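Keep the model open as you read.

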Amino acid sequence: MTTAAAPQACDLLIEAGWVVPVEPHAVVLEDHAVAIRDGLILAVLPRAEARLRFAATQVLSRPGSVLIPGLVNAHCHNPMTLLRGVADDLPLMTWLQQHIWPIEGQVIGPDFVADGIELAVAEMLRGGTTACNENYFFPDVQAATYSRLGFRALVGLPVIEFPTAWAKSQDEYFDKALEVHDNWRRDPLVRTCFAPHAPYTVSDASFERIRMLTDQLDLLVHCHVHETAQEVEDSQRQNGMRQIARLDRLGLVSDRLIAVHMTQLTDAEIALCAERGVSVAHCPESNLKLASGFCPVHKLHQAGVNLALGTDGCASNNDLDMFGEMRTAALLAKGVSGDASALDAASALRMATLGSARAMGLGELVGSIEPGKQADLALVDLDALETQPMFHAISQLVYATGRHQVTDVWVAGVRKLADGALTDLDAGAIRAKARQWRQRILGIRTGA
């Protein structure tokens with residue numbers, strides 16, 4: 001006579017009407033559960049089997065909800081939440097040079113960065129996002145803030161050719177970058193990468209230095225590339241070649257490159273990105289709002305390029321809503337390609353999860369619901385009238401669901417959103433800080 005095995009201990013058992021693991025692709029598991037212990041996913045299995053196999057400290061049962069990997073925002077400037085709506089309906093260079101940079105020049109500092117990120121993290125968690133790829137100044141403050149808030153982030157080490165509040169010379173940019181990298185290289189949630197702003201603001205010498213350091217330190221490069229037709233034309237006039245060709249000449253077109261925007265691409269450039277393993281971070285809503293152009297997502301996808309999804313910053317989007325970004329990406333790909341099957345719902349969700357995680361070097365840790373991975377997860381309520389009737393969970397997530405339907409979020413197994421409420425962030429205090437920054441920025445704009 002055999003004795004049944006004793007149930008295995010776990011910290012949390014999440015039971016959901018549907019689990020969308022993302023890997024395998026396009027799979028929906030009905031009436032399943034995910035077991036979590038010490039911040040890691042132990043198992044994904046049918047609910048009835050899970051109750052027999054695991055003795056959980058806590059069981060959370062949500063039969064009307066879908067459990068997905070936490071969404072991963074592959075490109076953002078999160079301190080710029082404090083500039084949300086400050087200069088709208090303008091083309092990129094006018095917006096940047098005549099409005100954003102002058103305001104930033106008067107407000108950028110540690111407090112601005114920390115308060116903006118805190119507001120952004122609250123918004124992202126409430127929308128099911130559990131990780132982001134950050135690109136801004138004061139990366140030391142960024143890293144400390146993300147770590148304090150328990151939010152997963154790839155923090156960019158900025159490089160640009162003109163003095164800022166962060167650094168006055170190229171040597172200082174690099175010296176500070178290396179110091180920040182060294183200080184945070186062992187943090188469980190925060191990693192670093194190089195973040196040269198764009199080919200039109202970074203010299204060959206700086207790019208060559210970045211390439212050498214990324215090879216030595218095994219770091220990624222996060223850069224705006226081919227964002228507008230004008231900058232590509234300017235590159236051809238000034239350098240005798242397009243931006244991708246220039247980056248390739250400098251040894252940066254590789255699997256270390258996260259190329260953001262990429263709205264202006266030839267078929268040969270798409271093939272080069274596929275061959276070299278470049279990841280493309282698509283920011284459809286920001287590109288549309290700034291009239292920057294259309295990233296050829298369908299062609300990139302067909303070529304096998306790893307596609308990631310980002311919101312960009314709140315000064316040009318104006319939100320950090322990855323559900324809205326998935327829907328826009330899927331619809332835009334169809335419109336641009338003339339193919340209604342281009343970027344189906346499952347592929348859009350993959351971009352916002354595993355595609356972004358892989359672009360950021362986090363694919364082995366997060367981006368899908370698989371045993372051994374970190375428990376970065378989000379529960380989304382599909383019982384709302386707006387998502388009824390429910391025929392297909394992935395389709396409903398991409399085409400009908402709003403971020404307000406996110407109820408619960410975990411980062412590395414730590415519950416950050418519970419029944420729609422932030423667990424360890426003071427929403428009232430964050431709101432008060434945002435209003436104080438509003439008054440200061442209004443004073444700058446009016447000369448008061």
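Predicted model: local features only at pLDDT ≥ 70, side-chain atom pairs only at ≥ 80, totals over all residues.

## A salt bridge to start with

Across the interface of domain 1 and domain 2, the rule finds four salt bridges. If you count polar contacts between the two domains instead, you get eight residue pairs, with both partners at pLDDT 80 or more.

Helix H14 gives the most, with five residues. Sorted by class, this side of domain 1 has 17 nonpolar, four polar and four charged residues.

The contact between them takes 25 residues from domain 1 and 30 residues from domain 2.

Now for the interface area. The size of an interface is often given as the accessible area lost when the parts come together. For domain 1 and domain 2 that buried area is about 2100 Å², and carbon and sulfur atoms give 65% of it. Which three residues supply more than any other three of the area that domain 1 buries against domain 2? They are Val398, Tyr399 and Arg403, which supply 34% of it.

Step back to the whole structure, and the search finds 28 salt bridges. One of them pairs Arg246 with Asp204, the closest N and O atoms being 2.7 Å apart. This pair links distant parts of the chain: Arg246 sits in helix H8 (residues 243-249) and Asp204 in helix H6, 42 residues apart. Is Arg246 buried or exposed? Arg246 is buried, because its relative accessible area is 5%, under the 20% cut-off. Asp204, at 26% relative accessibility, counts as partly exposed.

Another pair is Asp218 and Arg256, whose closest N and O atoms are 2.8 Å apart. Asp218 has a relative accessible area of 58%, so it is exposed.

Then there is Arg242 with Glu269, meeting side chain to side chain at 2.5 Å, N to O. Arg242 is in the loop between helix H7 (229-239) and H8, while Glu269 belongs to helix H9 (residues 267-276); they are 27 residues apart. Glu269 is buried, as its relative accessible area is 9%. Salt bridges can also share partners, and in that way Arg62, Asp408, Arg415 and Asp419 are joined into one network.

## What helix H4 packs against

Helix H4 covers residues 139-149, and its buried residues are Pro139, Val141, Gln142, Ala143, Thr145, Tyr146 and Leu149. What do they pack against? The partners are helix H3 (110-126), strand S6 (129-134), strand S7 (152-159), helix H5 (170-184), strand S8 and strand S15 (414-418). After H4 comes Gly150, with a positive phi near 70 degrees.

## Two single residues to look up

Thr201 is found in the loop between strand S8 (190-196) and helix H6 (204-217). Although it is in a loop, Thr201 is buried, with a relative accessible area of 8%. Leaving out residues up to four places away in sequence, Thr201 touches Ile160 and Glu161.

Gly428 lies in helix H15 (residues 427-446). With a relative accessible area of 38%, Gly428 is partly exposed. How far apart are Gly428 and Cys283? In sequence they are 145 residues apart, and in space 30 Å, C-alpha to C-alpha.

Conventions: Residues numbered from 1 in each chain as written. Heavy atoms only, no water. Contact = heavy atoms within 4.5 Å. Buried area = accessible area lost by both parts, 1.4 Å probe. Polar contact = N/O pair within 3.5 Å; in protein donor to acceptor, adjacent residues only side chain to side chain. Helix = DSSP H or I, 4+ residues; strand = E, 2+ residues; numbered from the N terminus. Nonpolar A, V, L, I, M, F, W, Y, C, P; charged D, E, K, R; others polar. Buried < 20%, exposed > 50% of the residue type's maximum accessible area, 1.4 Å probe, protein only.
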